[in-house]
Amino acid sequence: RENVFSGCYTDDCELLNSFAGQPGSWRHCLYFLSNSRNEYVMMYSLTVFENLVNKMWVGVASEDKAELRSCLPKLLLSQHTLLPFFIRNKLCKVIVDIGRQDWPMFYHDFFSNTLQLVQSPSLAPLGLVLLKMTSEELVCPREDLSVARKEELKKLLLEQIPTVLNLLTGILETVWDKHSVTVTTPPPSPTSRETGESPFCCLMVGDSTPVGLESESGTLCLLALECLAHLFSWIPLSSSITPALLASIFHFARFGCQTGQMIGHADRARLGVMAMSCINELMCKNCVPLDFEEFLLRMFQQTFYLLQRLTNSHSHTNTHSVKNRLQELDESYVEKFTDFLRLFVSVHLRRIESNTQFPLVEFLALLFKYTFNQPTHEGYLACLDIWSIFLDYLTTKIRSRLADRDSVLNRYKDALVLLLREVLNRIQFRLNQSQLEELDDETLDDDQQTEWQRYLRQSLEVVARVMELLPSQTFSILFPVLQEDLDIYLGLQQFIVTTRTNRRLNITAEADCRKLHCALRDLSSLLQAVGRLAEFFTGDVFTARFNDALAIVQRLVEVTCYGSQIIHKQNQLMSLAALQAYSHWLAQFCSEVQRQQDQTQFVDLITSSMAATTPLINAKVPEKLLVSACHLLVSMATTVRPVFLVSLPAIQNVFNLITENHNHRLPQEAHVLVCRALSNMLLLPWPSLPEAEQQWPSRSTSHARLVSTLTHQYRLLPRPPDHHTNSKVVLQQTLCVLRDVVDSISGEATKSRQICYQSLQESVQVTLALFPLYIQQPDVTDEMLSFFLTLFQALRVQMGVAFTEQIIQTFLSMFTRDQLAVSILQEGSAGSKVVEKFLKILQVVVQEPGQTFKPMLPSILSLCMEQVYPIVAERSCPDVKAEMFELLFQILHQNWRFFFKTSVLSSVQRSGAEEHMENQAQFIAAMQAFGQSFLQPDIHIFKQNLRYLEILNSKHKLYHRKLFRSSMLFHFINVLLQVLLHKSHDLLQDDITLALYNMAAVDFQAFYSSFLPEFLNGCQGLDPHQRTTLARNFTPERDLPSFSQGVYRLVNDLRFYRLCNGSLPPGTLKL
């Protein structure tokens, strides 16, 4: 038989499966397991046992069960030293699986036997393997148990926890005491007050950490710690977790702090890592009983000691720097320790901060030392995250305690200033060039940023958080550093040599080049930093911090102006981006100066910045720099909105460039941005000026002229279209510009939108006329529909009812069923996107309040249900399907009275009056479409549609409507329960349960007395007794938590019964 396992033939597999299914095959497997040394044979035999226990145990004769409960543990005890570890572990798991089924009723000594093994010196490792498996398999069982059994097992295990923890404590203490060479005074208790000092400050450097540890002892402790880590993941905090146990775990956590190349160092490091895993499992628990403060304090005292060891650079045994010490430690240990610090700050700091015995400032000093001596960039960034969490905590605390804001800040002020200085130092190349050059600045990660960009961004977030707490100190530290690099940058003019053909920088000395390289890199980072801080100069603090912000903006304008002479692309980009970040400050400045006579300072800033920016709006400028300049121009026109902006010579040059220079057209992105800026200058109202001073007539004329020029070629396109490729390019580019112009004023005042539509009116008519001519070219149609969608969203009032109807009727006539089928079936293609856009337009139309577009509802519903739905119903088409259901939902939600004519009075009174319903067939079809979507695998459509039904119920009492209650309600409940049973959409389990509750809540009495028995009678694979048990266990509660628990129990137990019944031999009596 062993030869069968040497190959992987299909016939052999069928033979083995057939053998495993035979009654009594386990007896042969027991013989194989006892007598064979072939690993394949042993693994196969254990697999047969595992299947027998987990799927067929109910049908196994009681005497056979007793034999297995006796034989398998004896086999394990006699052969565990001879078996390969994976075979031994598999055998352990089978024994634990039997315990999960039979303990304590039929297998009363299962757990006591395990504890006896743990207490046996020679068999303790085996006992610990069984103990950990017991914790894993009994507390988090899969679906082969009923809910009642799961609850019973957890309760039984919890009763054993004090004994288990005492045993594990004894193992750890025994090994530690046996191998400890020196004895020193332990750290003082949290309540120590003998010296008057903080108990945390006098922890000694020396300790009694064993120098050597026998291999057997190390293995034993590792297994004990692994057990503890899993136990801590589920047991609640209680007095069972004693100070002695905690002290033992921290003893072994010290192993991770040891450095050196001594024999067994890696094994001791593993012990340290596992000890920290135990500690972190305890730290994860947010639910801490009130009487556990001393417990927490004891933990933090011990950790404080470890942190001192990790950051101590004056050890008698180690003269290395802190960074070298951390570098020599096991990387996993450092990661675990950083995880601990994060958990401490994020979960427990609020509990412990107010305790007078916890030296928070000293802790922050050690955290500071730990952070800035991290040997890796990843470790450093992980520590910065901890500082960010702390700063968020501090900010929230100060906002809730404004009265003693200063006293809270003063406590941490020195630490925050130190943190700020060091973080700023760490991003500067002139101080850390070799380390920063290691960071990749080319490869993009999933967030579309390089390693250097992520490093800089996280650093600047810490700077910003400190700025929020200490604005003046942050500015006084940051601005001089910026000035220093600016002076170097602005001083480059003297080194420029101009020849007849070009200009070059005449710096050749290697040291000077390196210094310049670092200064320019740092300037780029610091410009990004001051841009990030822009938000802290606006709003209520505008006046108080005006001079600081003005100094920054003046320097930014200076750099921008200078950048046109010294072409250093990165710094030009950063200066433009930083200046753009201050656009909100400039807008507030603009509003303030409107009330003053002297506006010179503001006018000079805007004039200078535009004079420096507009020369970059040129097709010959590198595109990245060009786009950045365009964004600044948009911000000036949209956010700042100075009255005089459009009259500046620099801006007039841009108007001329766009309207006259067709031979040197800008790249499309830049062209769109510039057109948006110029349009907004003419359309957006000037802040702080009355309506009479807005100069609308002249601005309207100028805008019409601008749009006329931009659309000149477009309006002259031939009809029917020729096949010249330029026609399509003109059409797509022009519509892209017009769409952006409309979108940018969609949220503005009526006057702006009126002027915009007047200017665009002819182009809109042209587009509608061209649409039928391009219906067979989906890429062009997509652009047209995108334009119309934006028009409908922003300007439908200005367009008027008649023209809107004309547009919709044109679309409806063009999108025949054949045309829709061709477009939709090209999934992911331009044609599919065209249908999506069309459906989005219809969504906007049906959401319009009032009766304006109500006459179009029947034709829109018809298109949706009779033309689009039949095509997508049985196909994936996720994008089109999502938009179609969104349209269907909006029709129902926004036009409820199209279906239900219930009066307002009867809705309020909820009287039993008959509901008057219209368009019933369409309503039923819509509900059937929603129901059908729940039978399909697309989880996104499922979630979307479930949310839509819940909204309709919340807003319109959908589930309570007579038609829904009488003919649909139980069908929907049935479908949702079946989905839970099949586990096809488990990610949405909570959403589905909530929907089930809301549906059942319509009539709980009917749900429990009528639906539930009917549902269970329809479930295959159950016997009458099981159906009765399931119904009885679903207690008729009416609150959401109890109902949810009932659904969980029903689904779990139903699956369990089916699993058992499906695996029983024919003719087995089902219990």
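Biologist: Is R796 buried, partly exposed or exposed, and what is the relative accessible area of R796?
Modeller: This is a predicted model, in which local features need a pLDDT of at least 70 and side-chain atom pairs count only at pLDDT 80 or more, while totals for chains, interfaces and linings use all residues. Residues are numbered from 1 along each chain as its sequence is written, and side-chain values use heavy atoms, with hydrogens and water left out. With a 1.4 Å probe and protein chains only, buried means under 20% relative accessible area, exposed means over 50%, and partly exposed lies in between. R796 is therefore partly exposed, and its relative accessible area is 24%.

Biologist: Which residue meets R796 in a salt bridge?
Modeller: A salt bridge is taken here as a side-chain nitrogen of Lys or Arg within 4 Å of a carboxyl oxygen of Asp or Glu, and the side chains of R796 and E848 meet in one at 2.3 Å, N to O. R796 belongs to helix α33 (residues 778-799) and E848 to the loop between α36 (830-846) and α37 (857-872), so the pair ties together parts that are 52 residues apart in sequence. The helices are DSSP runs of H or I with at least four residues, numbered from the N terminus. The partner, buried at a relative accessible area of 15%, is E848.

Biologist: Within helix α22, how many residues apart are E558 and R555?
Modeller: The side chains of E558 and R555 form a salt bridge, with an N to O distance of 2.8 Å. Of the two, E558 is partly exposed at 36% relative accessible area, whereas R555 counts as buried at 15%. Both lie in α22 (residues 546-563), where they are separated by about one helical turn because their spacing is 3 residues.

Biologist: Which helix holds both R426 and E422?
Modeller: These two side chains meet in a salt bridge of 3.3 Å, N to O, in which R426 is buried at 16% relative accessible area and E422 is partly exposed at 22%. They are 4 residues apart, so about one helical turn separates them, and the helix concerned is α17 (residues 405-426).

Biologist: How many salt bridges does the rule give?
Modeller: Some of the charged residues are linked in a network of salt bridges, namely E50, K90, K93, D97, R100 and E137. For the rule as a whole, the count of salt bridges comes to 36.

Biologist: How many disulfides does a search of the whole structure find?
Modeller: A disulfide is a covalent bond between the sulfur atoms of two cysteines, and the search criterion is a pair of cysteine sulfur atoms within 2.5 Å. Cysteines are present, including C29, buried at 0% relative accessible area, and C518, which counts as buried at 4%. The number of disulfides found is 0.

Biologist: What is the value of phi at K957?
Modeller: Most residues other than glycine have a negative phi. S688, in the loop between α28 (668-683) and α29 (696-710), has a positive phi near 65°. K957 lies in the loop between α41 (939-956) and α42 (962-967) and is partly exposed at 31% relative accessible area. Its phi is also positive, with a value near 55°.

Notes:
Helices (H or I, at least four residues) and strands (E, at least two) are DSSP runs, numbered from the N terminus.
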